[in-house]
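Dear colleague,

Please find below the structure that I am passing on to you. My notes on it follow.

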Amino acid sequence: MKRIKMNLQLAQFDFQMNQMARQLSITTAEAMQIVRSIGYTCLDCDFRSLTSDFCTAMKDAGLKLSLMYVFFDPAKDNSELIQNVVEKAVQNNAVRVMPIPNSDPKPLRNKAFADMRAFQISLAENNISTVLEDFADPGKSFNSLAGLQNYLDNVPGLGCCFDTGNFAADTKPLLCIADSLMPKIRHIHIKDFAINHLFAPDMLTDVRGRKLSSAPAGCGILPVETVVKSAIKAGYRGILAVEHANVYNERVAMERSYSNISRWLNELDCFSAE
């Protein structure tokens with residue numbers, strides 16, 4: 001039996017790449033080249049970012065679209081938006097799409113479920129999976145394990161995009177949350193937080209009252225290394241997208257995150273029998 005290495009791919013976000021371009025006074029296309037040179041192969045992108053010029057630059061840099069996210073309002077008729085999202089996802093060979101309700105108060109919850117089901121059905125017809133993440137926003141019901149599970153239960157075929165940093169308001173330990181969602185995880189956002197201002201200004205306050213700020217993956221207080229390794233040992237073979245919003249130096253954060261995650265992967269027995 002031949003043993004082959006599982007080549008897990010790392011992704012960056014469009015907004016972080018754009019922030020790096022502003023910090024370095026370079027073009028978006030030049031920023032994409034830097035992202036690729038560090039070692040990232042994919043981008044998670046906002047639906048609105050995917051202009052013709054952006055997509056051409058992404059292709060020229062050798063980057064692929066790993067996930068496309070789109071915000072929608074459950075109070076509106078979203079049939080046209082769903083059609084446009086599906087068309088753009090197909091055009092850009094998106095692997096996954098993440099529709100995100102802007103808000104979902106209880107009177108609109110069933111409409112949000114219905115819209116998510118409509119997204120999922122249309123995307124599945126084109127072999128594109130639909131995911132939803134635990135979103136750290138008090139105005140969204142899916143900002144906790146219970147809230148996210150409610151969507152997973154009400155939208156058949158919906159997968160989980162597990163964000164390691166979005167459970168700051170949840171009282172359960174992150175590893176327990178990850179373990180309970182593991183069978184549904186289809187995409188991972190690696191987010192880490194520090195309790196100082198070394199990498200970024202304060203971003204949020206956790207349940208223990210600590211003020212947290214973004215940090216490169218592996219440079220903060222969250223057990224992100226353990227979560228990533230546990231997911232891979234459980235069979236995860238998707239994209240690992242690195243998120244560190246609003247850091248003082250995006251290029252340094254990208255490089256440190258890539259270095260740390262690469263080390264974790266090299267420490268694993270990421271092989272499979274062929």
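Is Lys229 buried or exposed? With a relative accessible area of 16%, Lys229 falls under the 20% limit, so Lys229 is buried. Please bear in mind that this is a predicted model.

Lys229 forms a salt bridge with Glu225, with 2.8 Å from N to O. Both residues belong to helix 8 (residues 224-233), where they are four residues apart, about one turn of the helix. Glu225 has a relative accessible area of 27% and is therefore partly exposed. A network of salt bridges links this pair with two further residues, Arg263 and Glu267.

In total, the structure contains 10 salt bridges. One of them joins Arg109 to Asp104, and their closest N and O atoms are 3.5 Å apart. Arg109 and Asp104 are both buried. Another is formed by Asp163 and Lys191, whose closest N and O atoms are 3.3 Å apart. Since Asp163 is in strand 7 and Lys191 in strand 8 (residues 185-194), this pair ties together parts that lie 28 residues apart in sequence. Asp163 and Lys191 are likewise buried.

I turn next to the strands around strand 6. Strand 6 (residues 129-133) is mostly covered, as four of its five residues are buried. On one side of the pairing, strand 5 (residues 96-101) runs parallel to strand 6 and is joined to it by two bridges. Within this pair, Ser129 of strand 6 stands opposite Arg96.

Leaving aside residues up to four places away in sequence, Tyr69 touches Phe13, Asp14, Phe15, Asp44, Cys45, Asp46, Phe47, Met98 and Ile100. With Asp14, the side chain of Tyr69 makes a polar contact of 3.0 Å. Tyr69 and Phe162 are 93 residues apart along the chain, and their C-alpha atoms are separated by 14 Å.

Finally, there is the matter of the cysteines. How many disulfides does a search of the whole structure find? The search finds zero. Cys42 takes part in no disulfide, and the nearest cysteine sulfur, which belongs to Cys45, is 10 Å away. Cys42 is buried, with a relative accessible area of 2%. Cys176 is in no disulfide either, the nearest cysteine sulfur being that of Cys160, at 15 Å. Cys176 has a relative accessibility of 45% and so counts as partly exposed.

With kind regards

Technical notes
Residues numbered from 1 in each chain as written. Predicted model: local features only at pLDDT ≥ 70, side-chain atom pairs only at ≥ 80, totals over all residues. Heavy atoms only, no water. Buried < 20%, exposed > 50% of the residue type's maximum accessible area, 1.4 Å probe, protein only. Pairing = 2+ DSSP bridges. Salt bridge = Lys/Arg side-chain N within 4 Å of Asp/Glu carboxyl O. Contact = heavy atoms within 4.5 Å. Polar contact = N/O pair within 3.5 Å; in protein donor to acceptor, adjacent residues only side chain to side chain. Disulfide = S-S within 2.5 Å.
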